[in-house]
Amino acid sequence: AFVSDLTVPDGTRIARGAVVDKRWQIKNSGTCNWDERYSLVLIGGPDLGAPVKQNLIPARAGAEAMIRMLLTAPNTPGSYTSAWQAHSPAGEPFGEVIYIQFQVN
């Protein structure tokens, strides 16, 4: 479950080509412990230079964790949204979608 944006609140203005350090606080609200078999997958919008599938941070059931991505803002001005969702070892999506939404000057 999404808990909070730790960095880059929605609507933040970012310079063209800037490196963006995005962090989300999430909670493993399920009954399974996440390990290296669980992944975070891009489900919408640009990848912003990040791998489209990456390991989900390990977290025990009921625990909170921080997800961090280093992203690169596009060189073209506009509004951008990149959406990500957790996937089980079987490839099934679960949980809330987390996203970054920003403006490039």
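**View 1. Strand β4 and its pairing with strand β7.** Strands β4 and β7 (residues 78-87) run antiparallel and are joined by 5 bridges; two strands count as paired if DSSP finds at least two bridges between them. Gly44 has Ala83 of β7 as its bridge partner. The model is predicted, with local features needing pLDDT of at least 70 and side-chain atom pairs pLDDT 80 or more, while totals for chains, interfaces and linings use all residues. Residues are numbered from 1 along each chain as its sequence is written, and side-chain values use heavy atoms, without hydrogens and water.

**View 2. Strand β4 and its pairing with strand β5.** An antiparallel arrangement also links β4 (residues 39-44) to β5 (residues 53-55), through 3 bridges. Here Ser39 is bridged to Asn55 in β5.

**View 3. The strands along the protein chain.** The protein chain has 8 strands and 0 helices, in the order β-β-β-β-β-β-β-β from the N terminus. Strands are DSSP runs of E with at least two residues, and helices are runs of H or I with at least four. Of the contacts (heavy atoms within 4.5 Å) between residues at least 6 apart in sequence, 66% join residues at least 24 apart.

View 4. Buried residues (under 20% relative accessible area, 1.4 Å probe, protein chains only) account for 35% of the 105 residues. The protein chain exposes about 5,700 Å², of which carbon and sulfur atoms supply 52%; the areas come from the Shrake-Rupley method with a 1.4 Å probe. There are 9 positive side chains (Lys and Arg) and 9 negative ones (Asp and Glu), with the centres of the two sets 5 Å apart. Charges are placed at NZ of Lys, CZ of Arg, CG of Asp or CD of Glu.

Methods. Buried means under 20% relative accessible area, exposed over 50%, partly exposed in between (1.4 Å probe, protein chains only).
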